[in-house]
Amino acid sequence: MRYTRSVVAASALAALSLGTATALASPAAAAPDTTPQKVCGSAYKTVNSAPVGSLGSVYLTYNSANGKNCVATIRSKPGTAVAMSAWIYVTGTDQGDEDYGQYTSYAGPTYVYGKGHCVDWGGNINNVYVQVSGSNCGTLKEHRVTFTR
């Protein structure tokens, strides 16, 4: 968000110095500059993802250096704050993390140690929910469910 404000401020200053009346887009209307790596951290690589209808995607990432997974739900078009979530659960360790709230561009990050374990993960944007069970288990087939409430 700080980056977007800097760009808007710089554009406003440039417009004033040129003496032109330039209409500036609000930060919410700016092109999304959010990636799973910006939300979770640059060491996290995307290992799986699931669309949340046409509203965005939920991303499962993994950091091989520390064995942690991270989940982030990212809107394709940031805007007014809406109900969003990102969650992850490792059945083999009974550990999980979740983030629920009203957000303008993403929910998360949620972190859990998952090296060598299957993970369940998902999220929502507005009333569209995605749930992935038994994910990243080698040869086992994951189970995906998308539903609207």
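Which residues does Asp99 touch, not counting residues up to four places away in sequence?

1. The model is predicted. Its open sheet has five strands in the order E5-E4-E7-E8-E9, and the pairing is antiparallel. Strand E5 (95–103) and strand E9 (143–148) are the edges: each has a single partner strand, so one side of each has no neighbour in the sheet. On average, neighbouring strands here are turned by 5° against each other, direction ignored.

2. Within the sheet, strand E4 (residues 82–90) and strand E7 (residues 119–125) run antiparallel and are joined by six bridges. Ile88 has Trp121 in E7 as its bridge partner.

3. Asp99 belongs to strand E5. Leaving aside residues up to four places away in sequence, Asp99 touches Met84, Ser85, Ala86, Ala107, Gly108 and Thr110. Asp99 is buried but has no salt bridge; Arg75, the nearest side chain of opposite charge, is 13 Å away.

4. Gln102 is another residue of strand E5. Its relative accessibility is 54%, and because the cut-off for exposed is over 50%, Gln102 counts as exposed. Gln102 touches Ala81, Val82 and Ala83, again not counting residues up to four places away in sequence. Gln102 and Ala83 are 19 residues apart along the chain, yet their C-alpha atoms are separated by 4.5 Å. The side chain of Gln102 reaches the backbone nitrogen of Ala83 at 3.4 Å.

Technical notes. Residues numbered from 1 in each chain as written. Predicted model: local features only at pLDDT ≥ 70, side-chain atom pairs only at ≥ 80, totals over all residues. Heavy atoms only, no water. Pairing = 2+ DSSP bridges. Helix = DSSP H or I, 4+ residues; strand = E, 2+ residues; numbered from the N terminus. Axes fitted to C-alpha atoms, helices over the stretch in contact; angles between N-to-C directions. Buried < 20%, exposed > 50% of the residue type's maximum accessible area, 1.4 Å probe, protein only. Lys, Arg positive; Asp, Glu negative; His and termini not counted. Salt bridge = Lys/Arg side-chain N within 4 Å of Asp/Glu carboxyl O. Contact = heavy atoms within 4.5 Å. Polar contact = N/O pair within 3.5 Å; in protein donor to acceptor, adjacent residues only side chain to side chain.
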